[in-house]
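Have the structure open while you read.

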Amino acid sequence: MARVQMETLEKFELAAEGSSCDALYDLGLIYSTGRGVEVDLVVAHKWFNLAAVRGSAAAKQCRAELALEMAPAEVAEAQRQAREWLAAH
């Protein structure tokens, strides 16, 4: 599978910084499916969590499904990263 262009990933991250719920959700999808990046469930959970906070029902569902595949320490790390991101943005 082709790697996500760095420009595309950066575009999603910039949109996420602007609190774009869709961009937050899209980043969760990218990291949970490995669409052009290495699968990283902790990072995916973080982005889904942030999208869920902004009201995305789909992100809430994805976050819950991911949590079932993750160890409690991984979920805690994802939540810590989400809090840290919120504090910085």
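1. Start with helix α3 (residues 41-53) and helix α4 (residues 57-69), which pack with their axes 8 Å apart and at an angle of about 150°. Keep in mind as you look that this is a predicted model. Angles over 145 degrees count as roughly antiparallel, so that is the label for α3 and α4. Their crossing is left-handed.

2. Which residues make the contact between these two helices? On the α3 side you'll find Leu41, Ala44, His45, Phe48, Asn49, Ala51 and Ala52. On the α4 side, look for Ala59, Lys60, Cys62, Arg63, Leu66, Ala67 and Glu69. Sorted by class, the contact of α3 with α4 comes out as nine nonpolar, two polar and three charged residues.

3. Next, the aromatic rings: the structure has two aromatic pairs. One is formed by Tyr25 and Phe48, with ring centres 5.6 Å apart. Their planes sit at 50°, so this pair is classed as tilted. Tyr25 belongs to helix α2 (residues 21-33) and Phe48 to helix α3, so the pair ties together parts 23 residues apart in sequence.

4. Are the two partners buried or exposed? Phe48 is buried, at a relative accessible area of 1%. Tyr25 has 21% relative accessibility and counts as partly exposed; the cut-off for buried is under 20%.

5. Trp47 and Trp85 make an aromatic pair too, and this one is edge-to-face. Centre to centre the rings are 5.6 Å apart, with 75° between the planes. Trp47 is in helix α3 and Trp85 in helix α5 (residues 72-88), so you are looking at a link between distant parts of the chain, 38 residues apart. Both Trp47 and Trp85 are buried.

6. Finally, take a look at Ala51, which sits in helix α3. Ala51 is buried, with a relative accessible area of 0%. What does Ala51 touch, leaving aside its neighbours within four places in sequence? Its contacts are Cys21, Leu24, Tyr25, Ser56 and Ala59. Two of these names have come up already: Ala59 is on the α4 side of the helix contact, and Tyr25 is the ring partner of Phe48. One more pairing to check is Ala51 with Asp22: they are 29 residues apart in sequence, but their C-alpha atoms are 7.3 Å apart in space.

Definitions and conventions:
Residues are numbered from 1 along each chain as its sequence is written. This is a predicted model: local features need pLDDT of at least 70, side-chain atom pairs count only at pLDDT 80 or more; totals for chains, interfaces and linings use all residues. Side-chain values use heavy atoms; hydrogens and water are left out. Axes are lines fitted to C-alpha atoms, for helices over the stretch in contact, and angles run from 0 to 180 degrees between N-to-C directions. Helices (H or I, at least four residues) and strands (E, at least two) are DSSP runs, numbered from the N terminus. Angles under 35 degrees count as roughly parallel, over 145 as roughly antiparallel, 65 to 115 as roughly perpendicular and the rest as oblique. A crossing is left-handed if the near helix is turned anticlockwise from the far one by less than a right angle, and right-handed if clockwise. Contact means heavy atoms within 4.5 Å. Ala, Val, Leu, Ile, Met, Phe, Trp, Tyr, Cys and Pro count as nonpolar, Asp, Glu, Lys and Arg as charged, and the others, Gly among them, as polar. Rings of Phe, Tyr and Trp (its six-membered ring) pair if their centres lie within 6.5 Å; planes under 30 degrees apart count as stacked, over 60 as edge-to-face and the rest as tilted. Buried means under 20% relative accessible area, exposed over 50%, partly exposed in between (1.4 Å probe, protein chains only).
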